[in-house]
Amino acid sequence: MKIANLNGRAVLVAPDGTATDVQKASDGRFGPSAADLYPVWAEFSDWAATAQVGDGEQVQPEQLGAPSPAPTQIVAFGINYAEHATESGFDSPVALPPVFPKFVSSLSGPVTTVALPEGGQTDWEVELVAVIGRGTEGRTISEDEAWDHVAGVTVGQDISDRASQFSTPAPQFGMGKSFPGFAPTGPWLVTVDELPNRDDLELQCTLDGQTMQKGRTSNLIYSVPQLIAGLSGVITLYPGDLVFTGTPEGVGLGRDPQVFIQPGQELVTSIEGIGELRQKFVASGEGGAKPVRTLKKEGS
């Protein structure tokens with residue numbers, strides 16, 4: 001099934017693209033917001049499996065918000081594809097890949113306009129995002145049970161301001177990846193039973209029509225179950241939390257010469273079986289960080 005956040009309300013999206021309001025269809029049992037579904041995911045998914053969907057309004061991507069609009073945590077992994085590790089100047093990880101936060105204020109829906117920070121070094125990173133659907137027992141999850149804790153997956157962009165990321169004596173990721181609109185997700189959550197192969201999906205992004213990244217999630221160094229198992233050995237995962245799983249090669253930082261997003265450009269990000277994001281970028285005279293030295297190929 002597909003779950004979307006349509007004008008702030010949880011809807012089921014039918015194959016023909018029409019929406020069924022969850023609260024109305026369930027006689028008030030679930031909803032009204034998408035955030036309300038994740039704490040009761042098992043009960044909701046049982047109901048949704050037999051719910052009648054369709055014959056509602058046609059979903060327009062511009063009306064959609066983040067499919068999990070109020071996560072407790074947004075956790076992201078770096079260098080989880082071998083060729084991206086190489087282009088970033090790192091060896092492939094031999095333990096769990098590096099982890100960093102994207103702060104919740106950076107979260108947005110699938111079709112947005114994003115203001116570029118000053119400095120001119122904003123980059124793209126297409127990622128498969130897993131949305132947690134079972135909480136309270138979200139510690140020490142085994143790999144075998146990890147997919148059972150996932151409500152579904154969605155498309156994500158880990159937009160990254162490299163100037164901020166490398167403006168400190170040691171690289172820091174969270175701030176440079178958390179400007180407003182730097183975590184677009186969507187267009188909806190798709191449960192993994194709807195996917196052709198939950199462990200092998202094509203993902204890509206284009207900038208003004210030019211393909212910048214194209215890869216497959218089967219090339220993840222650490223799979224989604226391994227990432228969730230590793231995370232849950234340290235932190236508690238809560239219903240609605242987002243796990244960005246890493247990006248393939250092709251980021252602007254790793255190119256020669258380096259390429260960064262410019263005002264007026266459009267970034268289109270897509271994953272097989274899920275859908276796409278569209279971000280347009282505009283100049284901003286506020287915020288951001290100016291580079292203090294030549295950027296090295298050390299990114300995520």
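Reader: What makes arginine 216 and glutamate 202 a salt bridge?

Author: Their closest N and O atoms are 3.9 Å apart. A salt bridge is a side-chain nitrogen of Lys or Arg within 4 Å of a carboxyl oxygen of Asp or Glu, so the pair counts. It links distant parts of the chain, with arginine 216 in strand S15 and glutamate 202 in strand S14, 14 residues apart. Before we go on: this is a predicted model, where local features need pLDDT of at least 70 and side-chain atom pairs count only at pLDDT 80 or more, while totals for chains, interfaces and linings use all residues. Residues are numbered from 1 along each chain as its sequence is written, and side-chain values use heavy atoms, leaving out hydrogens and water.

Reader: Why is arginine 216 called partly exposed?

Author: Its relative accessibility is 28%. Buried means under 20% relative accessible area and exposed means over 50%, with partly exposed in between (1.4 Å probe, protein chains only), so arginine 216 lands in the middle class. Glutamate 202, at 27%, is partly exposed too.

Reader: How do you know that S14 and S15 belong together as strands?

Author: Strands are DSSP runs of E with at least two residues, and helices are runs of H or I with at least four, numbered from the N terminus. Two strands pair if DSSP finds at least two bridges between them. S14 (residues 202-207) and S15 (residues 210-216) have six bridges and run antiparallel, so they pass that test. Cysteine 205, for one, stands opposite glutamine 213 in S15. S14 also has five bridges to strand S17 (residues 266-271), again antiparallel, and there cysteine 205 stands opposite threonine 269.

Reader: What makes aspartate 208 worth a look?

Author: Aspartate 208 has a positive phi of about 50° although it is not a glycine. It sits in the loop between S14 and S15, a hairpin with two residues between the strands. At 49% relative accessibility, aspartate 208 counts as partly exposed. Isoleucine 79 is another non-glycine with a positive phi, near 35°. At 8%, however, isoleucine 79 is buried.

Reader: What makes aspartate 21 and arginine 9 a salt bridge?

Author: Their closest N and O atoms are 2.7 Å apart, which puts them inside the cut-off. Aspartate 21 lies in strand S3 (residues 19-21) and arginine 9 in strand S2 (residues 9-13), so the pair ties together parts that are twelve residues apart in sequence. Aspartate 21 is at 17% and counts as buried, whereas arginine 9 is at 28% and counts as partly exposed. A search of the whole structure finds twelve salt bridges.

Reader: Why is S2 called largely enclosed?

Author: Four of the five residues of S2 are buried, so the rest of the structure largely encloses this strand. S2 has partners as well: five bridges join strand S1 (residues 2-6) to S2, and S2 pairs with S3 over three bridges. Both pairings are antiparallel. Alanine 4 has valine 11 in S2 as its bridge partner, and leucine 12 stands opposite threonine 20 in S3.

Reader: What makes Glu143, Asp144, Glu145 and Asp148 a negative surface patch?

Author: Patches take residues with over 30% relative accessible area and no salt bridge, joining like charges within 9 Å (nonpolar side chains Val, Leu, Ile, Met, Phe, Trp and Tyr within 5 Å). Asp and Glu count as negative, Lys and Arg as positive, with His and the chain ends not counted. A charge is placed at NZ of Lys, CZ of Arg, CG of Asp or CD of Glu, and areas come from the Shrake-Rupley method with a 1.4 Å probe. All four residues of this patch are Glu or Asp, so the patch is negative. Aspartate 144, in helix H4 (residues 143-146), has 76% relative accessibility and counts as exposed.

Reader: Which residues are joined by a cis peptide bond with omega of about 0°?

Author: Glycine 186 and proline 187, with proline 187 lying in strand S13 (residues 183-190). Aspartate 256 and proline 257 are also joined by a cis peptide bond, where omega is about 5°.
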